[in-house]
Amino acid sequence: MMIKGIDVSYCQTGFDFSAAKKVGCEFVIVRAGIGARTDTQLKNHMKDITKNGIKYGFYWYSGLWNVLRPILIVAASLVVVIGLLSSGWSWIYGEYLAPVD
């Protein structure tokens with residue numbers, strides 16, 4: 001059994017999630033951020049994904065280039081996580097995640 005899904009980030013600005021659902025997309029993996037920055041399209045993607053009733057999960061691209069970056073990445077991702085949770089969105093932290101309701 002194959003389950004169809006997609007991975008989105010800032011590169012898919014304006015993506016049509018309604019069309020994706022119509023052709024069988026069952027889940028979306030959303031890049032929440034990279035390094036110490038939130039993905040610029042995270043909130044837009046989440047608004048459209050939830051509006052279309054598509055299951056979703058998140059990943060954070062680490063881009064670990066030096067010893068100090070992990071500290072900055074954890075701090076930045078915690079800020080984003082707290083914001084998402086306060087907005088009622090589910091969150092699981094990791095490289096790639098299973099979709100969540």
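S9 sits in the loop between β1 (5-8) and α1 (17-22). S9 counts as buried because its relative accessibility is 8%; buried means under 20% relative accessible area, exposed over 50%, and partly exposed in between, with a 1.4 Å probe and protein chains only. This is a predicted model: local features need pLDDT of at least 70, side-chain atom pairs count only at pLDDT 80 or more, and totals for chains, interfaces and linings use all residues. Residues are numbered from 1 along each chain as its sequence is written, and side-chain values use heavy atoms, leaving out hydrogens and water.

**Contacts**
- Not counting residues up to four places away in sequence, S9 touches R31, D39, Q41 and H45; a contact means heavy atoms within 4.5 Å.
- In the protein chain, 61% of the contacts with a separation of 6 or more join residues 24 or more positions apart.

**Fold**
- The protein chain has three helices and four strands.
- Helices (H or I, at least four residues) and strands (E, at least two) are DSSP runs, numbered from the N terminus.
- Their order from the N terminus is β-α-β-β-α-β-α.

**Burial**
- Of the 101 residues in the protein chain, 40% are buried.

**Confidence**
- The protein chain has a mean pLDDT of 78, and 68% of its residues reach 70 or more; pLDDT is the predictor's confidence in each residue, from 0 to 100.
- Confidence is highest in α1, at a mean of 96, and lowest in helix α3 (residues 69-86), at 67.
- Residues 90-101 have pLDDT below 50, yet this stretch has 39 contacts in the model beyond near neighbours in sequence.
- Where pLDDT is low, the predicted coordinates should not be read in detail.
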